Amino acid sequence: MTSFAPDSIVLNRKLPLWYQVSQSLRASILGRSTEDPLRLPTEEQLAEHYGVSVLTMRQALKELEDEGLISRHRRRGTFIEPGVRRGAPVRLLGSVDAIVAQQSGMTTELLDHGTVPVPAGLTEYFPDFEEVAAYHRLRSDEKTGEPTNHAVNHVRPDLAARIDLEDLIRWPMTKVLRDVVGADISRITDTVEARLADPETARLLQVPLLSPILHYTGVTYDTEGRVLDVAVIHYRGDRFSFTVTLEAT
């Protein structure tokens, strides 16, 4: 029986390995196509794929099992749940793969895209550009069709020229920039605050005007300190929560 093939990952030794592996595998599962098999490779095969111990792999799989993404059966193997839970709370420990996982696993509609003047509030991030590429996307629950968040990504023009729109429908921008475009991402700075839905956001998310929403801004930097992408995302306040864990070093 053919097994599901997860994406690869470069591990950061400053973060818990089981956490990075679980988030990478989570993103692969939520971003898979419907044709992909549901059976996962064995613990030993997955451990070799990620370059970790079987014990670390087992801990990562338990995290996904507790979340309801996979089920494990003695002698039969480990399987992806066909109707995996969407919009689950995400624990962010600082890895880029956590951001990819958080953005994955929903039906995505590309509403609009094109070149626009750098928005007034983002000029500090793009000092060398007068225009950026903007991509408007609406993500919805795969089962119910209910809108969950509206995202606008502002991307450097030189990178935008290498982005395939079909990839943006299947994958999060962070994954496209890193794994398809080949951008060398060093860090992402996140800001999350509570706001009230304006008329356009309320319409897109199908919530009453002035409903509470989560306003997320994510700034992606490369290893030279340049901003690659600024994502502005509005999440329905009744569908998402964010937890940030700070690890002692």
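Which side chains meet in a salt bridge at 3.8 Å, N to O? Select R226 and E224: their side chains are that pair. A salt bridge here is a side-chain nitrogen of Lys or Arg within 4 Å of a carboxyl oxygen of Asp or Glu. R226 is partly exposed at 37% relative accessible area, while E224 is exposed at 64% (buried is under 20%, exposed over 50%, partly exposed in between, with a 1.4 Å probe and protein chains only).

A quick word on what you're looking at. This is a predicted model, where local features need pLDDT of at least 70, side-chain atom pairs count only at pLDDT 80 or more, and totals for chains, interfaces and linings use all residues. Residues are numbered from 1 along each chain as its sequence is written, and side-chain values use heavy atoms, leaving out hydrogens and water. The mean pLDDT (the predictor's confidence in each residue, from 0 to 100) is 85, and 87% of the residues reach 70 or more.

Next, select R203 and E200, whose side chains form a salt bridge at 2.7 Å, N to O. They sit about one helical turn apart because they are three residues apart in helix 8, residues 199-205 (helices are DSSP runs of H or I, at least four residues, numbered from the N terminus). R203 is exposed at 54%; E200 is partly exposed at 42%.

Now try R156 and D158, another salt bridge, at 3.2 Å, N to O. Here R156 is buried, at 10%, whereas D158 is partly exposed, at 37%.

Last stop: pick D7, K175, R178 and D179, which a network of salt bridges links.

How values were computed
Helix = DSSP H or I, 4+ residues; strand = E, 2+ residues; numbered from the N terminus.
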